[in-house]
Amino acid sequence: MDSAYYHQMYTLEDGHWWFIARREFARTLLKQALGPQEQPRILDLGCGTGGILDSLCGIGPTTGVDVEPMALDFCRERGHADVIEASGTELPFMDACFDAVVALDVFEHIDDDCKAMQEAFRVLKPG
């Protein structure tokens, strides 16, 4: 993707109403779904420039995955070290290693969205 696009996303994520609302909505739903679980491990599939990672790291340890190295550079600039370049259709994780997978505005951008959903399910712990 175009570097200007990632720079714009990185700049807007902290203050634009769309990103703020999406972040709060995801955080609220995730906390409800996880319940009182201590330190749930969370995967942000298609983490982009890291705005969602910022809000999820207070819930538990987070890992970000994206196919774009430039997006991951912005994540690192935000202070997120656990970010990995990988495809959503071939996640480099063992089965059942995450308590939650967050994938916002992601599946519609993956050619084999069914395979990506299968991978997201594969890395989720039972229950």
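Cys-75 is buried, its relative accessible area being 0% (buried means under 20% relative accessible area, exposed over 50%, and partly exposed in between, with a 1.4 Å probe and protein chains only). This is a predicted model, in which local features need pLDDT of at least 70 and side-chain atom pairs count only at pLDDT 80 or more, while totals for chains, interfaces and linings use all residues. Residues are numbered from 1 along each chain as its sequence is written, and side-chain values use heavy atoms, with hydrogens and water left out.

**Cysteines**
- The structure holds zero disulfides, a disulfide being a pair of cysteine sulfur atoms within 2.5 Å.
- Cys-75 is accordingly in no disulfide; the nearest cysteine sulfur belongs to Cys-47 and is 3.8 Å away.

**Packing of helices α1 and α4**
- Helix α1 (residues 3-12) packs with helix α4 (residues 69-77) at an angle of about 30°, and their axes are 10 Å apart.
- This angle makes α1 roughly parallel to α4, as angles under 35 degrees count as roughly parallel.
- Ser-3, Tyr-6, His-7 and Tyr-10 of α1 make the contact with Met-70, Ala-71, Phe-74 and Glu-77 of α4, where contact means heavy atoms within 4.5 Å.
- By class, the contact of α1 with α4 has five nonpolar residues, two polar and one charged.

**Ala-26**
- Ala-26 lies in helix α2 (residues 17-34); helices are DSSP runs of H or I with at least four residues, numbered from the N terminus.
- Ala-26 counts as buried because its relative accessibility is 10%.
- Between Ala-26 and Asp-99 there are 73 residues of sequence separation and 15 Å in space, C-alpha to C-alpha.

Conventions: Axes are lines fitted to C-alpha atoms, for helices over the stretch in contact, and angles run from 0 to 180 degrees between N-to-C directions. Helices (H or I, at least four residues) and strands (E, at least two) are DSSP runs, numbered from the N terminus. Angles under 35 degrees count as roughly parallel, over 145 as roughly antiparallel, 65 to 115 as roughly perpendicular and the rest as oblique. Ala, Val, Leu, Ile, Met, Phe, Trp, Tyr, Cys and Pro count as nonpolar, Asp, Glu, Lys and Arg as charged, and the others, Gly among them, as polar.
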